[in-house]
Structure formats: structure tokens, C-alpha cells
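Dear colleague,

I am handing over the structure below, and after it I set out what was found. Please read the notes with the coordinates open beside them.

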2 protein chains.
Amino acid sequence: MLSVNDAIATLLREARPLVGRERVDLLDGLGRTLAEDVVAAIDVPPGDNSAMDGYALRHADWRGADTVLQLSQRVTAGSAPDPLQPGTAARIFTGAEIPAGADTVVMQENCEGEDAGVRILQLPAAGANIRRRGQDITTGQRVLTAGRRLRSQDLGLAASLGVAKISAYRRLKVAVLSTGDELVEPGETAGPGQIYNSNRFTMTGQLAAWGFDVVDLGIARDRPEAVREKMLRAAEESDVIVTSGGVSVGEEDHVKNVVASLGSLDLWRIAVKPGKPFAFGRVLDKPFIGLPGNPVSVFVTLLVVARPYLFACQGIAATRQQPLAAKSRFARKGTTREDYLRVRSTPGGLELFPNQSSGVLFSTCWGDGLVRQAAGKDIDEGDLVDYLPFAVFD
Amino acid sequence: MLSVNDAIATLLREARPLVGRERVDLLDGLGRTLAEDVVAAIDVPPGDNSAMDGYALRHADWRGADTVLQLSQRVTAGSAPDPLQPGTAARIFTGAEIPAGADTVVMQENCEGEDAGVRILQLPAAGANIRRRGQDITTGQRVLTAGRRLRSQDLGLAASLGVAKISAYRRLKVAVLSTGDELVEPGETAGPGQIYNSNRFTMTGQLAAWGFDVVDLGIARDRPEAVREKMLRAAEESDVIVTSGGVSVGEEDHVKNVVASLGSLDLWRIAVKPGKPFAFGRVLDKPFIGLPGNPVSVFVTLLVVARPYLFACQGIAATRQQPLAAKSRFARKGTTREDYLRVRSTPGGLELFPNQSSGVLFSTCWGDGLVRQAAGKDIDEGDLVDYLPFAVFD
């Protein structure tokens, strides 16, 4: 059996960005992947500005607590100041540009207004209360790098540099197909032996949450011509194809035959629980990922194994997630496979859902994350374990 | 000064769902908030089914290792089996319904095919390898409750119960407005003393990430009529109004006057860093939230203080986030306020961004989360601290 790490590494060796670039308005950039670095074309702040409401002056003009300086101008945020006349002070507000010639800002609490001007009661060190041009970002600095998936604060940062449009990778198109003759769609009536298709919803929902364009192909019935037609359509309309079900080694299934006949197919047995069977191949020239059929196996292998590959195909640089250390409130024997346990975070530590069967999707709704239990490694109550909140997969 | 907890509690006392309900296709349910519980109308699994590929039989029909049972039917997943004829076995596959009369499934590895039928080499206990009807979910069970924000696995669970449409709260409409005469939009040219407006992008991006409908009102210039017109438009077109800038106590600003004249306004000083000034009020009948003006203050108060209120207005039940315990790789003296530090998770623990100024938005892009440092509490290297990955605010 293949370890999870080896499976991911094998997939990543095959992965490369499968999508072109496009110019995108920064306002529409949320969740998009940068195709080019964002490099600062200006300094931030763009000029020296005041960190306080107060008075700007030349430090050398102060002659002790009796000094009264005439007010020569008033500088608000957004206005362009005149050079400071020698021997005078400028009223200034937070964020406003420092007039040329001024070298210090005195906070207003240390000043007294006078008819003739302002009395400086207490002088700070020369240069005080001034935020220097370029102290946060300097022209030419690479602030966001290609391959980054943009978050709200990244949009804010790009905007602060005057960037109105970015170069982003086009959204990856992912075709989704559920297989199985026992499946019926919600809203239809399930006859004896039939079950409702949940995998379609888990898969399309998760892929949409990742910002992909989902090509939803519904259910493929287990007839070779039907499967073949769906696969050809998937290859034509998408960049990557993801299916659930029908990839167990030895299982009779037309999906495997059709994929193999249209391209190539490797059946893997990954040492992971839930989710052992996993397929990787091609339909014509499009990558094909075959997830297992059980609802929890679909969810876990999509997050843990398929996600890094799909992210890499989208051009995203950071494809792996760092687990957090969290305290276990449960004990559990290790198994022969790496186990992804459904857990819930509580003030006292992580609770385990009592039924860890791969058929019980409810465990993933009850829980807020996964604990990664290494093969053969027992967990005792109070142990620090590898915790992966579902949120970190988003 | 108001503590962060008191500020949130005060806001939550004022909060209630501000939006009506609508029927939504389950396929479009991602990120939507349930307005009604999802109650199981069926058992899951809907009937007894096989946990294995193998043979279904009556346990009492076995007479030792020589027993050869005639094969009376073949049951695949999705097909409706006939009752099992006494003294025979049914070939059965994983997920397929157990024929009436059969009470045990023997895995195929413990059987041998014969011309006359199947030889059972090793008989498990009666009832083995059968997943019982309703063992995961029983009819009438409330599986997802009103107020839940739907994740991909929740969609899968609802689908598995045959649910095709859900009752969801309409998306909350949030108007966003930046204030300040010093602001110019990215793409324009910033003159002396002017800066690019980043808050608009941070705010609209984050609110969109939360699934709200954003009413983007751009920048309000500091003229009473201009502010008044924007505010009236915001009150008309949205459920909640969020602005940045101009809410410091004592600051001269038309936003405050206009809001007070059109409704009500409380100026708060929250004991939080970054982000002390915060305003809450009403414009006509619409709630008004005034965030501070500094870019990091906007980001932090939006996540920490405004988010619980906005989530409650959307009808979301879980509005607070549980911090995780993580190891610090830095030391830092406590201040007089609750401090939200920008940090990055590394295998050795949390690293601190060197410049924690509220003007340096780059710290939030560099980092992957916040450390909550209680007022007056020092952090030493190696301490376990309260860590809030940005992902948990999504």
C-alpha cells in the first residue's frame, strides 16, 4: 500500500498549472490565484506623515517652555502642505503629510493654544511622531507572490499600493461525476436497494468552496456507453475530472474500463482510513481522479489527497496544510493505516465522534476537523495530537 | 474603556436575524444559513445492506465446512432482492440490500465457488457483515439545525436524506463605505498627502467571503451633503451599514454628525489593539457599524468585534470562535489593552511579525492568524497562547 505522503508526492510530481492567465479587477480578486507577483510601485507611506494630532515644527526653533510659535498653516490628511516657514509651527492631524522643513511633531496634549500661536510645553526628541516615507513598504518590494490565493487583506494590501487590476490564473474547471446504479438524486423517490446520491453534493460543494468552476455531470449509470459519453463530455468541458465510486481493486466496473480505454488508469491502494481505493489516470489528455465511493472516504480523500493536486493545477503554490497540536480527550488504538478521525474541538480538548465508519457522513457534520493518527500509533487521553480543523482546508 | 467581550456582548444583545427566508436548491446551498432544521424523513441506511462482497445466507442453514449452498440470486447495489429461498445463498455485493430471510453475510474470501453453488469455509457469527437499517440516522432525527452555515459535507448529508431544497435565510446585504478626504482609488493618481483606499477592498472582500451581498458605496468625501446622500442610499439598499474611519472620540468628522442626525450613534473606546475607536448606531432603521480607519484596525475589528454581530444578523447561530492553544516562539510584554498580534505558524511554533503597528497591513498578509494577548499579560517564549488562524474566521 502507498502511504498518504507518497500518494500526494506522486500526484504533485504530475501536477502543473493547467490554466491560462487573465486580468481581473482587484475588487473581484477574492479567492483568485495570483499569476504574477505584486511589486510595490510606490513607498508606503508615500511621504513622511504625522502619527498624531498635534503641531509640526523645526526642533531647533524651540527655546524652552516659554516658546510660542506662530501658526503658519493647517495640514489635514489628504492635503498638500506648503514648506514650513522658519520659526513657525503647523497645526497637523494624524496621517497628514509633514511640511518640508518640519522635523518633529508635538502631540496636542503637550501644547497650549495662544492668541499669537501655540506654546510648546514639552518637546519630544527630534523626529518624534513622524511615520517615515517607505517605513512599511519600499518601492520595488515584492509584497505578494505568484501562486498566492488572495484573501481579503491581500486585496487591501494591493489596493494600498494603487493596484487596480491583477494577473490571475483562470479558474480551474473541474468535472464531477458520481457513479453507481444504486444512486438516485434527492427529490426523486428511492426504491428498494437504492440510496440518495450524497457524493455529488459533497464534491461540488467543496470544489466550489475552493473557487473552482464546477462542471456538474450528475450520475453515470453502469453501462459502458453511458459512462463513455459522460467521460468524453467531461474531458471536453473541464481541466480535471473527479469521480466517486467504482475504483476498488478487483471491483467490476465500467468506469475503470472506459477510463483505461480512453487514456490510462492506475488503481492505488492508499494506506489511509477512510479511503483506501483511489485512482489516478487520464481521459484523453485530461487528468482523472477517482475517489472511493463511501461518503466519508470521498470527503477525506478529497481534502487530504486530491486537494494538493487540484490546488497545484490551479497554480496555487501552498498546497499542504500544517496540522495544529491539540489535546485529545479520547484514547484510540492505532491501525495499520493512517487514520483521519472526525473530532470536535471543546474547551477541554478534542472529542471523538463515536462511530468512525466510512459510511457515516454525519460524523463530518458533527465534527469541526480531523485528527491525523499515524499508522500503528496509539492515542491516549491527554496526548497532543495532529489536528486539522476543516477550516484550514479552505 | 469597554472590554472586547463586553463590546461583543452588547452588540449581540442588539442582534437578531434581519433577513427573510427563501427556498434554495441544495446544490446552491454552500455557505447559506439554514432557516429551518433538516429532519431525517428516512432511515440511513434505508434497509439492511451488505458491508462486504460475499454471500448472504441463513445462519441456521450451515452444516459445517462441507456445506454447499445453491446460488438462488445475485444482488448488486441498487437492485431489489427477492426473499431468500431456504437452503440457498445469494451472491451479494457491498452496499446491496440483504434479501428477506438472510441473516448473515460471509465475505467472499471465506467461500469457494462450486459448480453446484458455493462452499462456505468459515462461518462468522449470525448477523455478521450486515449494516442495519437506521444504524447511522433514524427517521425523525434532527441532523442539521436552523442557524447552521452549510459546508460541503452538510450538503452531502442533506442529500443522503433525499432533501433537494432547503429553507435558508436570504443573504444579508451589507453596505460598505470608506471615509476620508485623503483617499484615492487604486488606478487613480495619488497626489501629495493622498493615500490609496485599501479599507474598501479589505472590507468588501471579507464580507463577500462570509457570503454576504455587498453593497459597495466607495468613498464618502468629508462634506455633509455627500455623506448624507451615501448614508441614505446605504440605509435604503442594505440591511447593515459598515464604514471605516472617522469614529475617533473628539475627531472632527461629518460621518458622525450625519449618522447622529439620521438616527443614533454611540462612540465606543474598546480596550483592543489595534482598533480602539468603534461606533455603533443606526441610520434610519438600519444598524450602523463604524470601524476605525487604520488598515489593520479595520481588519481586526471586522473579524473580532463586527463578525459576531453580522453573523447573528444573518441568522447564524455560532458567532464566536474558539482559539487554539499554540506554542509561542516570541516574548512580548502585555499592554493595557487586549492585543491581537499578527503571527505565522511554523513547525517550531508561532512567529511574530516584527512591526505590530496598526498601519502596517502587510503584517496581516505575511501572517496566517492572530494571537490574542490578554491585557497586562506577558508572553514568554515557549508559552501556550491563544491562537486564532485567519481560516477560523471564515
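Chain A is divided into four parts: domain 1 takes in 4-19 + 171-314, domain 2 takes in 22-44 + 136-169, domain 3 takes in 49-104 + 115-125, and domain 4 covers 324-393. Between the C-alpha centres of domain 1 of chain A and domain 2 of chain A the separation is 33 Å.

Please bear in mind that this is a predicted model. For chain A the mean pLDDT is 93, with 99% of its residues at 70 or more, and for the complex the predictor gives an ipTM of 0.92 together with a pTM of 0.93.

As to how the two chains are arranged, chain B is superposed on chain A by a rotation of 180° with 0.0 Å of shift along the axis, and the RMSD is 0.1 Å. The two copies are thus related as by a two-fold rotation axis. Among the residues of chain B, the one that comes closest to this axis is A391(B), whose C-alpha lies at 2.7 Å.

The contact between the chains involves 72 residues of chain B and 71 residues of chain A. On the side of chain B that touches chain A, the elements that give two or more residues are the strands β11 (142-144), β15 (195-196) and β22 (324-327) and the helices α2 (152-160), α3 (199-209), α6 (295-313) and α7 (362-366), all of chain B. Sorted by class, that side of chain B has 38 nonpolar, 26 polar and 8 charged residues. Because 99% of the interface residues of chain B are also interface residues in chain A, the copies meet through the same surface.

Turning to the sheets, chain A has an open sheet of 6 strands with mixed pairing, in the order β7-β4-β6-β5-β9-β8. At its edges stand β7 (104-107) and β8 (111-113) of chain A, each with a single partner strand, so one side of each is left without a neighbour in the sheet. From one strand to the next the twist averages 40°. Within this sheet, β4 (residues 54-57) and β6 (residues 88-92) of chain A pair in the antiparallel sense over 3 bridges, and Y55(A) stands opposite R91(A) in β6(A).

In chain B, an open sheet of 6 strands likewise has the order β7-β4-β6-β5-β9-β8, and its pairing is mixed. Here β7 (104-107) and β8 (111-113) of chain B are the edge strands, and each has a single partner strand, so one side of each is left without a neighbour in the sheet. In chain B, strand β5 (residues 68-75) and strand β9 (residues 118-120) run antiparallel and are joined by 2 bridges, with V68(B) opposite R119(B) in β9(B).

Finally, a few backbone details may deserve a look when you prepare the model. The peptide bond from V44(B) to P45(B) is cis, with omega near -10°, and P45(B) lies in the loop between β2 (38-39) and β3 (49-50) of chain B. The bond from K273(B) to P274(B) is also a cis peptide, with omega near -5°, and P274(B) is placed in the loop between β19 (272-273) and β20 (277-283) of chain B. In chain A, L284(A) has phi near 55°, a positive value in a residue other than glycine, and this residue sits in the loop between β20 (277-283) and β21 (286-291) of chain A.

With kind regards

Notes:
Residues are numbered from 1 along each chain as its sequence is written. Chains are lettered from A and ligands numbered from 1 in the order in which they are written. This is a predicted model: local features need pLDDT of at least 70, side-chain atom pairs count only at pLDDT 80 or more; totals for chains, interfaces and linings use all residues. Copies are superposed by least squares on the C-alpha atoms of residues with pLDDT of at least 70 in both. Two residues are in contact if their C-beta atoms, placed from the backbone, lie within 7 Å. Domain bounds come from an automatic or database domain assignment. pLDDT is the predictor's confidence in each residue, from 0 to 100. Helices (H or I, at least four residues) and strands (E, at least two) are DSSP runs, numbered from the N terminus. Ala, Val, Leu, Ile, Met, Phe, Trp, Tyr, Cys and Pro count as nonpolar, Asp, Glu, Lys and Arg as charged, and the others, Gly among them, as polar. Two strands pair if DSSP finds at least two bridges between them. Axes are lines fitted to C-alpha atoms, for helices over the stretch in contact, and angles run from 0 to 180 degrees between N-to-C directions.
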